[in-house]
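Student: I have a model open and would like to go through it with you. Could we take it topic by topic?

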Amino acid sequence: MSEIILEARHINKCFHDPVTVQVLRDITFTVDKGEFVSVIGKSGCGKSTLLYILSTMDTDYEGELLIDKELMTNKREIELARIRNEKIGFVFQFHYLLNEFTVLQNVMLPGLKLKKLPQEEVEHRAMERLKMLGIDHLASKIAYKISGGEKQRVAIARALINDPHIVMGDEPTGNLDIRNSEMVFDIFKELAEVHNQTLLIVTHDQSFAERTQRIIEMEDGRIISG
Amino acid sequence: MNFRLIVHIARTLLLARVGQTLVAAIGVTFSIAMFITLLSFMTGLNDMLDSLILNRTPHVRLYNEIKPSENQPVNMAPEFKDSYNFIYSVKASTSRQEIYNSGPIMQAVKTDDRVLGVAPKIMAQVFFNEGTLDITGSIHGIDVEAESNLFFFQDYVTTGKAMDAKNVANSIILGKGLADILLAEVGDVVQVTTAQGERFPLKVVGFFQSGIQEIDRVQSYASIGTVQKLLGKSNSYITDIQVKLKDVNMAPAVAKEYAQLFQIDAEDIQTANSQFETGSNIRTLISYSVGITLLVVAGFGIYNILNMMIYEKMDSIAILKATGFSGRDVNRIFLVIALSIGFFGGMTGLLVGFIFSSIIDQIPFNTDALPTVKTYPINYSAAFYFIGSTFSLVTTYLAGFFPARKASKVDPVEIIRGK
Ligand SMILES: Nc1ncnc2c1ncn2[C@@H]1O[C@H](COP(=O)(O)OP(=O)(O)OP(=O)(O)O)[C@@H](O)[C@H]1O
Ligand SMILES: [Mg+2]
């Protein structure tokens, strides 16, 4: 029996603007340690909404969420921030980097925030991750001066800096060309297979999903398979 | 506490927007500089105007007022003790202005811990004779050294030397206005007639200018000995004892105490010159209002710039929050930004204010009325710098408070979804 990293129990979510619409209905599933899971479904079926809840950024839902067997629901904002910092790595579709900082600083920030390791050690680990993703030569560049594919790899490096329990991605390849998408997929695959990293990736890309270990398919706010 | 990290992030965000940061900081710099300059200058003027009178006014003046005795003999007589006595046409008797026992009183006052110094004085009303003209005036018999030490007498002697009043026998220092009327030059001899009708020649050894023309037209100074001789009095004759205290605010209390202790009239500086205080207070009030208004305006500038910055940095805020920074961290980042604008803007402002004040201090300002003043007066009190820097921090904190709170409440989901 493998270890459960993430568990959703009967999660419901409604938007009330302008009329009440139920976007998620009774979402219940678990993700085990080391699993590489993809979430697919038609546009508007609630994938992003679910991911924001799972990542603890959205707290306005019904049901229960457990990360690392710890109940997230009804925790205070400051505690959730700490859990996001320590246990969750997030990769967005649009490569969100802090444009005022260098690539290396972007990767280091969550590590410095966690404050478990001294600065030199955080820097060393950031360089390690940049090297692993083949972008260590960009370390001292300002973040907005690199290409889209490079930015996405920096974002992945940032997501990995604190050795998170789970990496979540909302269409991380959605904005990339085929070559870069392939590269990002290969990185995820390597993370999963070599480093036993748990991954939960929302995607539109059917071929991407097919090559992951498990596919969760959503329709109209429900999980219909996986 | 992640304070170093927060400062690091705040600094990076600030430096990425050097232009905006500078505009905000210059606003603070300008207002603090104006605040400092204005207050230094205004207070300098205040001090100067005050010193015209207050520097030369004793904090407590002991004297004998000529007035009818409050205890008429009939009231003291035991047989009329129980009756109500109507006394008509009461007059002051034995008009003795002299302070009785002046020597022991001065000794006693001098040993008082609260007292900085004591100077005796004689006031004599005289006529200056110029041809057929008799001009009324007064001669103050002073202890030149004590008067110089305590009341800056030598500063107001613009021609000749103050000490000559003591060193040259039968000498006088005339008010400049009086000298002009008498057409007297230094070295001339003027004729003086006392109230008793005696005539004396006195040698002019200098002129003084008090800055108040009315005084300069009637007043003159001579040594105590000279005036005693003039009045035909013994060398213990003194009409006033002028007391200067270490703390001027003690004056009313001390005056009351001395009046009791020495059975004498005592007037404190606050009572004698209440109108001056009002004037200074109003000028100070105006300076502070203008300074604080400037700061508030600068505060709104910072508020606007921070608000703008937060709109621009929405994405960055969302990323920070998504990667584990709490609302409190974000709040602190923006407060640090606001406060560092306030701190550096304020520091520069203090410096610029100091430079402005020093420049004003160099500008020549010559007026006959103020012989001791050569340039515009400036008060370099550290208090203004302290208030200025405190206020710059307080206003920028307040200006940063709401934008920072707004930033801390940014919902990362909304931003990320909105892309
Ligand atoms: N803030 C909001 N207020 C009201 N309705 C919303 C809000 N955000 C999303 N929705 C609705 O919720 C539903 C699910 O949205 P969500 O973004 O989760 O879909 P998705 O599966 O990620 O779609 P896509 O594949 O296009 O990204 C949509 O119908 C959307 O219109
Ligand atoms: Mg989506």
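Student: Between which chains does ligand 1 lie?

Tutor: Ligand 1 lies between chains A and B. Before going on, note that this is a predicted model, in which local features need pLDDT of at least 70 and side-chain atom pairs count only at pLDDT 80 or more, while totals for chains, interfaces and linings use all residues. Residues are numbered from 1 along each chain as its sequence is written, chains are lettered from A and ligands numbered from 1 in the order in which they are written, and side-chain values use heavy atoms, with hydrogens and water left out.

Student: How many residues surround ligand 1, and which are the closest?

Tutor: The shell holds 14 residues, and the closest are Ser43(A), Gly44(A), Lys47(A), Ser48(A) and Thr49(A); a residue counts as near if one of its heavy atoms lies within 4 Å. Helix H1 (residues 47-54) of chain A gives the largest share of that shell, three residues, helices being DSSP runs of H or I with at least four residues, numbered from the N terminus.

Student: Which polar backbone atom is 2.8 Å from an oxygen of ligand 1?

Tutor: That backbone atom belongs to Gly44(A), and a backbone N or O atom of Gly46(A) lies 3.0 Å from an oxygen atom of the ligand. From the side chain of Glu171(A), an N or O atom is 3.4 Å from a ligand oxygen; a polar contact is a pair of N or O atoms within 3.5 Å, where within protein one must be able to donate a hydrogen and the other to accept it, and residues adjacent in sequence count only if both atoms are side-chain atoms.

Student: Switching to Asn106(A): buried or exposed?

Tutor: Asn106(A) is buried, because its relative accessible area is 2%, where buried means under 20%, exposed over 50% and partly exposed in between, with a 1.4 Å probe and protein chains only. Asn106(A) lies in helix H3 (residues 103-114) of chain A, and its side chain reaches the backbone nitrogen of Leu98(A) at 2.8 Å.

Student: And what does Ser102(B) touch?

Tutor: Not counting residues up to four places away in sequence, Ser102(B) touches Ser236(B), Ile238(B) and Ile241(B), contact meaning heavy atoms within 4.5 Å. The backbone oxygen of Ser236(B) lies 3.3 Å from a polar atom of the Ser102(B) side chain, and Ser102(B) counts as buried because its relative accessibility is 6%.

Methods:
Helix = DSSP H or I, 4+ residues; strand = E, 2+ residues; numbered from the N terminus.
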